[in-house]
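Q: I would like to learn how to read a few features of a protein model. Can we go through them one at a time?

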Amino acid sequence: MNLQESPTWLGSAKLQVDGKGRLRHFLSIEGLSRRLITEILDTAESFASLPEQSVKKVPLLRGKTIANLFFEASTRTRTTFELAAKRLSADVLTVNLPTSSAVKGESLLDTLRNLEAMHIDMFVVRHGQSGAAHFIASHASPHVSVVNGGDGRHAHPTQALLDMFTIRRHKPDFSALVVAIVGDVTHSRVARSQIHALRLLGVREIRVIAPRTLLLRHLGELGVRVFTNPCEGLKDVDVIMMLRLQRERMDSAMLPSGLEFFHVYGLTPEKLALAKPDALVMHPGPINRGVEMSSAVADGPQSVILQQVTHGIAIRMAVMSLCLGSHAAGRERLHE
Ligand code: CP
């Protein structure tokens, strides 16, 4: 299977929504409507106060079984999906892929079929190949939902939505916002999903700031303004979304040294001062301190980076409960 080369998954956005417009799988922001994205954000809002309650659980997914299949490393995504599932009262299985039969050569499809035989209701998938989650969704049994926890360079849709949720909590009017995405856009599934989500929510202006070697083709077609000079691109922005340098996906020709990158593109208090005084500083994590940003900025008063992590739980609860179809009853129960 070479998903990177296969164009078939690109056209499968319609896989995500059933005949009644309800979420069936959550694979990418492309193909979803503004109404559906807003419904996810609103549902997450109803879950966000749960940690303040003495019992941090709701029984929405009691009796459901969710399997986390992480073929790539993760700290935030894997643990917040697991916590989100537990807070929805689901049974959660995190398959330890480095010690699974995948290392003996078992195919993705055979792994899927064997887990399906255990009556799994949902797979959360992270995979190094673009299109892996679409591939699983298109081969899964009809009752099974698939959620993309990040596939290759293609998409990281729950990350984009937890980012939108974090922005909305501080700055609710997207139509007034200028948002800058800074860094390694070429290899970033996060940036692709962020751009689609920001466009869908009607943000005033999206800027991408990166060295020429780390840009994407066709950004202009997405209505994005491109800057190679951060001092121009950061001027008067409302939100700065930094990206991680994805060294594991680069060849050596494009690999700038950390120090070089930081010197020009790294977010320092001086560069942050070019943005609006109340600009939000975001990063999906993990941060390379001293490469993408200084600790003074990462830990400073404008940083909402740890809020992003917290909001990941509510967003993932919303996505899982909407995909498995019990959100309406659940929201009523939550507010009883
Ligand atoms: N933001 C993000 O995807 O982090 P992890 O790789 O730790 O899951």
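Q: Does Glu205 count as buried or exposed, and what is its relative accessibility?
A: This is a predicted model, and the answer is computed from it. Buried means under 20% relative accessible area. Glu205 has 16% relative accessibility, so it counts as buried.

Q: Where is Glu205 found?
A: Glu205 belongs to strand S6, which covers residues 205–209.

Q: With which side chain does the side chain of Glu205 make a polar contact?
A: The partner is the side chain of Arg207, at 2.7 Å.

Q: Leaving aside neighbours within four places in sequence, which residues is Glu205 in contact with?
A: With those neighbours set aside, Glu205 touches Leu177, Val178, Val179 and Arg225.

Q: Now helices. At roughly what angle do the axes of H5 and H6 cross?
A: A crossing angle is compared with set ranges: 65 to 115 degrees is roughly perpendicular, for instance, under 35 is roughly parallel and over 145 roughly antiparallel, with the rest oblique. The axes of H5 (residues 157–170) and H6 (residues 189–200) cross at roughly 50° and come within 8 Å. H5 and H6 are therefore oblique to each other. Their crossing is right-handed.

Q: Which residues make the contact of H5 and H6?
A: From H5 the contact takes Pro157, Gln159, Ala160, Asp163, Met164 and Ile167, and from H6 Val190, Ser193, Gln194, Ala197 and Leu198. By type, seven of the residues in this contact are nonpolar, three are polar and one is charged.

Q: How do H1 and H5 pack, and at about what angle?
A: H1 (residues 34–47) packs with H5 at about 70°, and the axes are 10 Å apart. H1 and H5 are therefore roughly perpendicular to each other. The crossing of H1 and H5 is right-handed.

Q: Which residues make the contact of H1 and H5?
A: H1 supplies Ile37, Thr38, Ile40, Leu41, Asp42, Ala44 and Glu45, while H5 supplies Leu161, Met164, Phe165, Arg168 and Arg169. Sorted by type, the residues of this contact are seven nonpolar, one polar and four charged.

Q: How many residues apart in sequence are Leu322 and Ile136, and what is their distance in space?
A: Sequence separation and distance in space are read separately. Leu322 and Ile136 are 186 residues apart in sequence, and their C-alpha atoms are 19 Å apart in space.

Definitions and conventions:
Residues numbered from 1 in each chain as written. Predicted model: local features only at pLDDT ≥ 70, side-chain atom pairs only at ≥ 80, totals over all residues. Heavy atoms only, no water. Axes fitted to C-alpha atoms, helices over the stretch in contact; angles between N-to-C directions. Helix = DSSP H or I, 4+ residues; strand = E, 2+ residues; numbered from the N terminus. Left-handed = near helix turned anticlockwise from the far one by under 90°. Contact = heavy atoms within 4.5 Å. Nonpolar A, V, L, I, M, F, W, Y, C, P; charged D, E, K, R; others polar. Buried < 20%, exposed > 50% of the residue type's maximum accessible area, 1.4 Å probe, protein only. Polar contact = N/O pair within 3.5 Å; in protein donor to acceptor, adjacent residues only side chain to side chain.
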